[in-house]
Amino acid sequence: MSETVFSIWEKSGGVGVKVGRKGHNSLFFPSSPFSTSARIPKQANSKQNKTNKITNLQKATMARDSSSSSSSCSNSTSDYDLVRSLLRLSRDIALYAQPKPLPRGSQASLSRRCKLLSALFEELLSGAGRDLPRGAALCLREIQLVLQRFKALMADCSARSRMRLLLQSDTVASEFHELTLELATLLDILLISELDLTDDVRDLVDLVRRQCRRSVPQVNPTEESLKSEVLQLIVQIEREIVPERPKLESIFERLGLDDSRGCRDEIESLEREIGDRVSQKWNSAMIALVGLVRYSKCVLFGASTPRVDPTVERKFSFSDQSEPSVPQDFRCPISLELMKEPVVASSGQTYDRESITKWFGSGKATCPKTGQILTNLELIPNKSLKNLIARWCKENNIPFEESEPIKTESNRISANKAAQEAARMTATFLVEKLSGSPSPSTETANRVVHEIRQLSKYGSDNRAFLAESVPLLIPFFFSSDSNLQLNAVTAILNLSILDSNKRKIMHVEGAPDALLHVMTQGATWRVKENAAATVASLSAIHSYRRRLGRKQPLLEQLVHLARTGPSSTQKDALNAILSLAGEREIIPRLVGAGVAELAAEMLDSEDHGETATALVAAVSRRGGAEAVSRIENITEKLLTAMRRGSERGRESAAEALVQLCRRTGTSTVEKVAGAPGVEWVIWELMGTGTERARRKAASLGRICRKWAVANSEAGLTQPGLTEVSLTVSTTVA
């Protein structure tokens, strides 16, 4: 039997009244100096007893207040603000918008009760010149807290996805019930007789109190039935049974998802909640529901109209270069770049996992930021910061590539049978929709292609299901509609991540020419960079790399994009060139396209210097050393990269210098050995570089030592190398 407990005990400065239910937090109200305690059951036959006890307590409080001095003006003002705040809260809750049909019963009942309570607060506000009794004021403050919690709960329900709200309907009903009981307890304590109220207001307050006391944590039967139907639908999809259209229409109508836009927003809400791990209990079902909602959206409402891409209209504009500044807290203290996977070290500092792992791998056991010696090298994922970074990137249209995509929630969808089957059904529907009409309208095609693009973003299973769409997408590369062209190219880029789809793409007649067309005449820089990224992806396969490398115009266009495009386009173009440079027979064509000069120009680039250095090393290693050596000041630039570059950049610079020295003869060796301070650069790289960088630095040291010894025997002077350099080189050897 649930009971409300009233107990009175001595407290410093007087006597107190403690009010609350068993097992719940209690409230303290100062009271009169007498001692007693009472337990008040909620049965109907105890109501009179309970009322008498509360009346006695309130009378004692009133007697204490009347014996004290009159309240000051500040207290009067405080009471006025309190009542005004209560009135505003009650009206807000009564008029709270309920865009979601769930939970109907709880929110509707609460809104009606708050509307009735607003009459009480209006009445109190009309007598603003009078002070409230002390006990009544304290009770009203507690009511204010309960109403604030009610409002926060309603706001939380509105922010949740409809599916999650349905799955958690019993929990939500319980939360509303607990708050309702707290409100009932406070209304029990609040003696209306102390307040100057009209009879009709007193009756309304009593009505609200009795309604709250009758509250039970019961889920609306309609919601319970709908929840059961949705869960049965998941089981049905797991068994590879295609849901009936009338059934889907009925469920989505009751959920309030009656158009494509609503379904798209629901999918985004579910994906965000899955990433935030808001409910471990329902996580698997929510993953399945993402696929179900996406499939139902396509079947019931057709493919959705893509959101307008703000960069599409900016044809050949360099305004894409004005990227938003990355907040300082989102940058890794080591690399100063946006963190992909923030982790917390034992010192409490946050770093990007890749950067701090390399730091520890180099033999250091200190915190890079504080210098503190770490007792352990354990790294703890900073999921909260990662979610903030992901949201910031989404708001600013910045791709957020996670360092370990196989561990993300979106990619775990493949492990969920229902989600997998829903994705297969969606892919089949989209492919049939695209192939069913020989010449679909631009708007229809754009909607379907956009859905394919969205579905292909996550999971190898999704990309495998969409393999048949590849030959249907390539013709849209030549579309005059910029949105359709962008969606088609991006969809192919997503699909190319799967190796089996690479074969599908390269076997489509004219696919390389279509990519070249986009890079040359694409409507936006973004579509051009996605085409370049597709070339980089396809080049991962040896045979396709050779085939793409035979197209000289394609190589020249990549160089052009890397030289003239905005930063993101330069990045993708350089990565594509670097991938193609892995084939020896392509190097002469790359050199002819101006790759050596391009890489030398970008060695000093803050954003692309590391890739440019790796490209110089790749070209020098596979037959382009002579072309590289003819570039003015190339050795000085590579030595600067060895001294100031990133870890990978220093390694690549050392390799490039070794290759140039070995393949171009003494002229390059003389420039390297004669450079001021070269011995210290080599020595530092041997002490702090990666294992491969140390080997390359050792090789470069041996080359310089041999040259110095040979010149010493011939009686020649060495302008750059000193006695220290000979010692260093001997140590290296």
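# Salt bridges, a sheet and surface charge

Visitor: How many salt bridges does a search of the whole structure find?
Guide: The search finds 33 salt bridges. A salt bridge here is a side-chain nitrogen of Lys or Arg within 4 Å of a carboxyl oxygen of Asp or Glu.

Visitor: What kind of model is this?
Guide: This is a predicted model, in which local features need pLDDT of at least 70, side-chain atom pairs count only at pLDDT 80 or more, and totals for chains, interfaces and linings use all residues. Residues are numbered from 1 along each chain as its sequence is written, and side-chain values use heavy atoms, with hydrogens and water left out.

Visitor: Which residue forms a salt bridge with Lys 297?
Guide: Glu 451 does. The closest N and O atoms are 2.2 Å apart. The pair links distant parts of the chain, 154 residues apart. Lys 297 is in helix α11 (residues 283–301) and Glu 451 is in helix α15 (residues 442–455). Helices are DSSP runs of H or I with at least four residues, strands are runs of E with at least two, and both are numbered from the N terminus.

Visitor: Are Lys 297 and Glu 451 buried or exposed?
Guide: Both Lys 297 and Glu 451 are buried. Buried means under 20% relative accessible area, exposed means over 50%, and partly exposed is in between (1.4 Å probe, protein chains only).

Visitor: What about Arg 160, which residue is its salt bridge partner?
Guide: Asp 156, with the closest N and O atoms 2.5 Å apart. Arg 160 has a relative accessible area of 7%, so Arg 160 is buried. Asp 156 is partly exposed, because its relative accessible area is 31%.

Visitor: Where do Glu 585 and Arg 550 sit?
Guide: Their side chains meet in a salt bridge, 3.9 Å from N to O. Glu 585 is in the loop between α24 (567–580) and α25 (587–592). Arg 550 is in the loop between α22 (542–549) and α23 (552–564). The two are 35 residues apart, and the pair links distant parts of the chain.

Visitor: And why do they count as partly exposed?
Guide: Glu 585 counts as partly exposed because its relative accessible area is 31%. Arg 550 counts as partly exposed because its relative accessibility is 47%.

Visitor: Which residues are linked in a network of salt bridges?
Guide: Asp 188, Asp 206, Arg 209, Arg 210 and Arg 213.

Visitor: Switching topic. What is the strand order in the open sheet of 3 strands?
Guide: The order is β6-β5-β7, with antiparallel pairing. The edge strands are β6 (350–352) and β7 (380–381), and each pairs on one side only. Two strands pair if DSSP finds at least two bridges between them.

Visitor: How many bridges do β5 and β6 pair over?
Guide: Strand β5 (residues 342–344) pairs with β6 over 3 bridges, in the antiparallel sense. Val 344 stands opposite Thr 350 in β6.

Visitor: Backbone next. What is the phi of Glu 240?
Guide: Positive, about 65 degrees, although Glu 240 is not a glycine. Most residues other than glycine have a negative phi. Glu 240 lies in the loop between α8 (221–238) and α9. At a relative accessible area of 46%, Glu 240 is partly exposed.

Visitor: And the phi of Asn 633?
Guide: Also positive, about 60 degrees, and Asn 633 is not a glycine. Asn 633 is placed in the loop between α27 (609–629) and α28 (634–644). Its relative accessible area is 42%, so Asn 633 is partly exposed.

Visitor: How far apart are the C-alpha atoms of Asp 258 and Lys 297?
Guide: They are separated by 9.2 Å, while lying 39 residues apart along the chain. Asp 258 lies in the loop between α9 (245–255) and α10 (260–276). Asp 258 counts as exposed because its relative accessibility is 57%.

Visitor: Last one. Where is Arg 663?
Guide: Arg 663 is in helix α29 (residues 647–664). At a relative accessible area of 43%, Arg 663 is partly exposed.
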